[in-house]
Every structure is written in C-alpha cells, then in structure tokens.
Amino acid sequence: MLLAGGQGSRLGVLTAKMAKPAVSFGGKYRIIDFPLSNCINSGVDTVGVMTQYQPLRLNSHIGIGIAWDLDRTVGGVTILSPYERSENSEWYTGTANAIFQNIDYIDSFDPTYVLILGGDHIYKMDYELMLNYHKARKADVTMAAMPVPIEEASRFGVLVTDPDTGRIVDFEEKPAHPRSNLASMGIYIFTWSVLRDALVKNKDVPSLDFGKHVIPYCHAKGNPVYCYEYNSYWKDVGTLYSYWEANMELIDLVPVFNLYEEYWRIYTNSITNAPTYIDGGADITRSIVSEGCEIYGQVSNSVLGTNVTIGPGAVVRDSIIMADTVIGENSRVEKAIIAENCVIGKNCVLGEGEYRESTYNPKVYAADLVTVGERSVIPDGVSIGKNTAILGETVPEDYPHGRLESGDAIVKAGDVE
Amino acid sequence: MKAIGIILAGGNNRRMQALTAKRAIAAMPMAGQTRAVDFALTNMANSHVQKVAVLTQYNTKSLNEHLNSSKWWDFGRKQGGLFVYSPTLTQENLNWYRGTIDSIYQNIHFLKESHEPYVIVASGDGIYKLDYSQVLDYHIAKRADITVVTTKCQEWEDVNRFGQVITDKDGRITDFEEKPMVMETSEVNCGIYVVRRRLLIELLETCIQEDRYDFVRDILVRYRNLKRIYAYHLDSYWSNIATVQSYFRTNMDFLDAGIRHAFFKEEGAVLTKANDFPPAKYNPGCCVRHSIVASGTIINGTVEDSVIFKSSFIGSNCRIKNSIILNDVYIGDNTVIENCIVESHNTIYANSTYIGDPNNVRVVVEHNDRYIM
C-alpha cells in the first residue's frame, strides 16, 4: 500500500499542481518510480496507490501500471482515491486512516502481510528481505529504520531497540536527546490480521497515523514490533535543497545511488523514444541528459529531463531542467530548478545576485535556488535573483526594471482560466 | 481500419556484411533508441491497422526479442494484435520461405481468417512515416487492384538496387524494371503494397501452383497489363537500410533536425519497446558535438558527428568521429574510431585504432572478453 496523497508543501511551486510523488527526479523519472520499481523488483505485484492531493499527473503517469509490469490479470496496480460513502464521507485524514478506508481493497486479496510505503523517497530496497526478516522473527510489525548521525536523530522518529533481538522497546518522536540513532523510514510490514484489528479499534482517532497511533497501539498491546535495519542509499527529498542535492548526486563520476547498474533497474513511464541531439556548438560536461533533448548551448553539472531544448548560446549550470522545457538563446541559468513545460525567454539571467531571505515563504525557500513551477513562462531579457520562485505565465510588466530581486517571488494563481 | 497488415521482415543480404550475421535487417537498431521494424509497425499502429503479422525467417533472435510484447505498439488487443510467423514444418510443407510470395502463402490462414477487405504489405527495412489509410483511400479512388508506394530515393543512394517504376499520366504502372542497369526515372518501388485480401489470396494460390515465389517479379511485373496496378507517390522521407552504406547514411540523416523532428517530435512519433535505461551521462572531460546519443550511455571521451546507441560506454580520451556505435558497446580509454560502425555488445580494448573510409565505412566486429583482469 503506497501512500501518495501528500502535497509535499516544502517543495513550493514544484507541487503547486501535482502531488510530491509525481515530481520529476533524475531526469526521466518521477519520485514514485522508485517505490513502484522496488515493489516489482521485490516480487510485490499487487500495489494500491492512495492518492488525494492533485492526483491527475500521478494517475496518468501510473496508468494501468504497464511501465512497472504491474498490469496484471490478478492484482497489479490500483489507484485508490478517497470516495463518498452513505455516511461519514471524508478525505484521507492520516496515513493509517487512508489504509482504514481501503480495508475492503486489501481484504479482497486476503493477504497474510501488508507492506506500507511512502511515495516520496529515493532508494532501492528489496522488500522481500524485510518480509523474510518479519517472518523469521514471527513479528506482527516490522519497521524499517536506518542509522543516522546521532546529532541529526532528533529530526526523525527514533526507534530504541533491544540490541540482541532487534525488537523495539520504545519509540521517540523527534526527541531532544535521542537514545538511539535508528530513524524510522516510514516503511512498515504488518501481519494483516494485526493491522486490520488495530485500524478498526482505532478508527475514531482523528488523523489516524501509523507513527503516532497505530504502532504505539500495537506495541502497548504487546504485539512483537521489530526493527529492520537498512544500510544503503535512502534520500528524503522533502525540501527544495535536499531535492536539488539528491539530483546533483546522480552526476558524480560514480554516483552513490547508481542508476546504471543492470541489477534492480528503475522503471518509468517513458514518454518519448526520440534520440538526444547534441549540436556542433554545444558543450556538455558532468551532466545527465534524457531522451529527446536538443542541446545547442552549454550544459554543466545539470540534470535534464526528456525533450528539453537548450538554445544556442544558452548556459545552464548546477540546475535541474525538467521535461519539455525550453531555455531560450543566450540565457544563463544557474542553480535553478525549472519544472516541466516551461519556456524561458532569450537573454534571461536566472540566479544572479546575492542571496536574500525569502520575502514570500522563508520556510520553503531557504536556499540560493531559483524555483520555477510547471508551465511557467519567463519573458525575454529579464534578470532573476537567488532564492526566488516563479509560477505562471509571467510578462515583462511583472519584472520592475526587468529584474526579480533575490528572495522575491511571482506566483500567479495556477487556476484554470 | 479496413485492412490488415503484413510486414516482411525475413530478409538478409550480403550487402549488410557482418551486421546481419546477428540479426535480420528489420531488427537493425535505428536512430539511437529504435529498430528498423519499429517504423513499419508504428505506421501500422498510427494508421489504425489492428491486426499485423510480421513474417520472419533469417536469424530471428533479435527480432523476436524485440517483439516479445506487442503492447509497445498498442497491439496488445483482444481484437487483432501482433503475430510473428516464422516458417514451420507442417504435414503439407517442409520448406523455408522460398520468397516473398511463399512467405505470405505459408501463412495464408492469416489472410483467410481475417474479415478486413484489404491487406497492407510493407517491408521491415524501410524508414519512413506514412499513413497507410491515405494509400488505401487512393487505392479505392483509383479502383486499383494493387497499389504500390513509390518515391524518389535519396540522392546519395545507389538507385540501381531498387525496382524502377514507370507510370502513365493517371498513375497506373505501365512498366517495372527490377534492379536495372540504367535508370530511366528515379521513381522507385518502396516495397509497400495495398491489395484486396481476396485478390491477394487468389494471386498467391495461383503463383504457388506455378512455383512462382517472388512478389515483385511474379505478381507485379507479370500481371502489370492484366491488373490495374497504381503507384502512390510518397513525398516525405523514405530510406531503405539494406546495405551498410545506406544504413550508415540513414542513421546520420537523423542528425538533421527536420528529419528527426518529423519522426520523433511530431504527432505519430515512432514507437518502440521501452527499455528504461537511465539518462545518458556526460562525465568531466567529455566533448560531444553534432551527435545523437541514446539513453544509458556513459561518455568520457570525445564524440563528433556520430550516432551512439543505447547503453554504451566510451572511455576517457577516446575520439569517436563520423561513426555509429551500436547498443551496449564498451570502448576502453584512448581509442580512436573513425568512419566505422561498431557492432553491438562489442568490447573494444583501450588504445585501439579503427579507421574506415568515409565513403566506405568499416564494420567493426570484435569478440573480446569484457571482463578481464
């Protein structure tokens, strides 16, 4: 059961019109490709994807699951959105509430075990090994956790375990003085009968959540709760900076998170079979470039999605450019995240000037990145500062003296006109 | 669509040199991400042909692997679908396909069991984009018995390897000359035909009784006065890849934005089996100019005027110029490759040099071990 309903509000304009799991990652992928590929590679071929926030992009990306071999006669992928009932209709109010509302879906397969996943992390993991662990320990609940530096542990839900057995003795949610460095990854395996019982017993708890309610409930009841330690690449891309950084790690000479390995391939819904064309005047270094791109300018330290066009004379550095975006002639783009289907005019400069704290939303925009939401248009010749955000079709009048100062934002309501 | 499709993908010839040792021509990789047969298959799909047979005979491994699922061309259907037929032993037949006629005849059940009134026959080695329904409309409007798609072939092409077509004012074909010594016109047969299904069955059965096996010689040429055979002129890009030089040139044609966009960016883009290779990776020290690069490739060296196919590795300080590197090739450091086609899955050791003639590119086939200490 894959929880993909979250907005991911800390990704700012990137998630204005799509749920966080649908956000592009690593050029041709979307974040949800990682858990979905992990599922099929682990032999999990029945997957319910729970959507809620802006599901259009997610739904069309997943389709009937062909890209992940999840188009099955029995099982396969099913999109589960909140629905109306004869009484008490509600949205998914919490992670566990979403599962509670889909008990009928799970019951229809009569499973012994249920795997609960989030849709917003970048990692490769064999869930079957975790299930084997769950079975061998005769656990009712197994939580995946990874060691983090102890000074960072206070940002996470921390698991205190019995070092001999791996059984969890206590939980601490964002503790000031953590007793352990094992951070919960939000990946759980439940014995279905135990989870079903816990969900039904707690159904009236508001915003029913796994970490806050269901697992403490199981633990208090005496169900064996185990910790499965995971020691490989796992990246939370919750903030703009961590999202940018995770993308940039892919262009290292030998990336820690290696997409080029034959084993454990990550699948995605390929939208184009076009070859990438690199023009005679182009210059690319230390970058990854997806199918269908047409490169006439200079690209370095960047991640390019499918069908991106970089105009002649344009310079793109340290940036993420998502699918179908066009960078105009002689524009300079530095440290920017530009979402899908954008048009950047000619002779623009993005990421120029000194860093300034955001006047728009300092909680979200707190790095020296230019963030441009999908389907935005930037007119010719403007200059845009650092730590800025742009969403919508902007016109020259939006830029006093042709300039958007660092820390400022232009967000035009993304509603249909 | 009122037609079923047949793609003739059995072929091989000596002009492909070592390249077809491994595969039928229809399975040749094209333009970075695709294979030749994708073009005919995509045309079938985009023309709403629902039922397509691919007839294959020579070294079918690559082709069968490529066509192992029909869903990439939208042929995973309850009605119709994609059928791959290679010759089989039966009580009546102990032969391989003895020619194009025989290949269709041996699968005549496919024709007899369909209900669509027309058949589109296409070859698997043509690179073009064509809405077959327009050919069919033409065929019906002309009240033709057989319609042959014809075109002017590429300027660089050796026209003498094609069948030449001579038509009257109305477009009816009055004469054929197969592979003539001297060309009278440059209008050549593209190997794409529209014919009524019942007529095709009739013609095939007659030909087999007379031990005639070649579609062009024994049907088109022989019946040209008896049947109304019309030419449909294709005026967009068309190329046949059945020689090493044509294969090379056709791939290089995709460096042209107009041709590339017509096939891949405009509506009805070429469909192919998804492979999910990661984006191509350009490492520090690489220099790529005027080239096509497919996904999964890692480049450390210099690449100019070349087409690099999927999942290749190009070592540091290499110089690849005016060449085609096929799928999954490993090229060690400091290697120079010019005017070559490097066969897929090859391993080229470091410090090697391969230089071909620009007018006669060299096919490089190495059988080196990739993983040596």
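Student: Which loop of chain A holds A:Lys138?
Tutor: A:Lys138 sits in the loop between helix H5 (127-136) and strand S8 (141-147) of chain A. Keep in mind that this is a predicted model.

Student: What's phi doing at A:Lys138?
Tutor: Phi is near 50° there, a positive value in a residue other than glycine.

Student: And is A:Lys138 buried or exposed?
Tutor: A:Lys138 has a relative accessible area of 69%, so it counts as exposed.

Student: What about B:Gln17, what's its phi?
Tutor: Phi of B:Gln17 is near 50°, again in a residue other than glycine. B:Gln17 belongs to the loop between strand S1 (3-8) and strand S2 (29-30) of chain B. With a relative accessible area of 43%, B:Gln17 is partly exposed.

Student: On to helices. Which residues of H7 in chain A are buried?
Tutor: Helix H7 covers residues 210-221 of chain A, and its buried residues are A:Phe210, A:Val214, A:Ile215 and A:Cys218. Seen down the axis of H7(A), these buried residues fall within an arc of 85°, so they line one face of the helix.

Student: Why would that spacing put residues on one face?
Tutor: An α-helix has 3.6 residues a turn, so residues three or four places apart point the same way.

Student: What's exposed on the other side of H7(A)?
Tutor: A:Lys212 and A:Ala220 are exposed there.

Student: How about the ends? What does A:Asp209 reach at the start of H7(A)?
Tutor: A side-chain oxygen of A:Asp209 comes to within 2.9 Å of the backbone nitrogen of A:Gly211. Just after the helix, A:Gly222 takes a positive phi of about 100°.

Student: Now chain B. Which residues are buried in its H5?
Tutor: H5(B) runs over residues 132-141, and B:Tyr132, B:Val135, B:Leu136, B:Tyr138 and B:His139 are buried in it. They fall within an arc of 160° seen down the axis of H5(B), so they line one face of that helix.

Student: What comes just after H5(B)?
Tutor: B:Arg143 takes a positive phi of about 50° just after that helix.

Student: Let's talk cavities. How many of 30 Å³ or more are there?
Tutor: A search of the whole structure finds one. The volume of the largest cavity is about 40 Å³.

Student: Which residues line the largest cavity?
Tutor: Both chains contribute. From chain A come A:Lys28, A:Ser270, A:Thr272, A:Asn273 and A:Glu291. From chain B come B:Gln33, B:Thr272, B:Ala274, B:Asn275 and B:Asp276. By class, the lining has one nonpolar, six polar and three charged residues.

Student: B:Asn275 is in that lining. Where is it in chain B?
Tutor: B:Asn275 is in the loop between helix H9 (257-264) and strand S14 (280-282) of chain B. Its relative accessibility is 16%, so B:Asn275 counts as buried.

Student: What does B:Asn275 touch?
Tutor: Leaving aside neighbours within four places in sequence, B:Asn275 is in contact with A:Arg265, B:Gln33, B:Ser295 and B:Lys310.

Student: What's the volume of the second largest pocket?
Tutor: About 1,300 Å³. It is lined by 48 residues, and the closest to its centre are A:Glu262, A:Arg265, B:Phe277, B:Ser311 and B:Asp328.

Student: Which elements give two or more residues to that lining?
Tutor: Strand S3 (34-35) and helix H2 (61-66) of chain B. H2(B) gives the most, with four residues.

Student: And how does the lining of the second largest pocket split by class?
Tutor: There are 16 nonpolar, 17 polar and 15 charged residues.

Student: Last one: A:Ser376. Which loop is it in?
Tutor: A:Ser376 is in the loop between strand S28 (370-372) and strand S29 (377-378) of chain A. A:Ser376 is buried, with a relative accessible area of 0%.

Student: What does its side chain reach?
Tutor: The A:Ser376 side chain reaches the backbone oxygen of A:Gly373 at 2.7 Å.

Student: Which residues does A:Ser376 contact beyond four places in sequence?
Tutor: A:Asn341, A:Cys342, A:Val343, A:Ile390, A:Leu391 and A:Gly392.

Student: And how far is A:Ser376 from A:Ser331?
Tutor: They are 45 residues apart in sequence and 16 Å apart in space, C-alpha to C-alpha.

Notes. Residues are numbered from 1 along each chain as its sequence is written. Chains are lettered from A and ligands numbered from 1 in the order in which they are written. This is a predicted model: local features need pLDDT of at least 70, side-chain atom pairs count only at pLDDT 80 or more; totals for chains, interfaces and linings use all residues. Side-chain values use heavy atoms; hydrogens and water are left out. On a 1 Å grid over the protein atoms alone, a cavity is a set of points where a 1.4 Å probe fits but cannot get out, and a pocket is an open set with protein on both sides within 12 Å along at least five of seven lines; lining residues have an atom within 4 Å of a point. Grid points are joined across faces, edges and corners, and a volume is the space filled by probe spheres set on the points. Ala, Val, Leu, Ile, Met, Phe, Trp, Tyr, Cys and Pro count as nonpolar, Asp, Glu, Lys and Arg as charged, and the others, Gly among them, as polar. Buried means under 20% relative accessible area, exposed over 50%, partly exposed in between (1.4 Å probe, protein chains only). The arc is that of the directions from the helix axis to the C-beta atoms. Contact means heavy atoms within 4.5 Å. A polar contact is a pair of N or O atoms within 3.5 Å; within protein, one must be able to donate a hydrogen and the other to accept it, and residues adjacent in sequence count only if both atoms are side-chain atoms.
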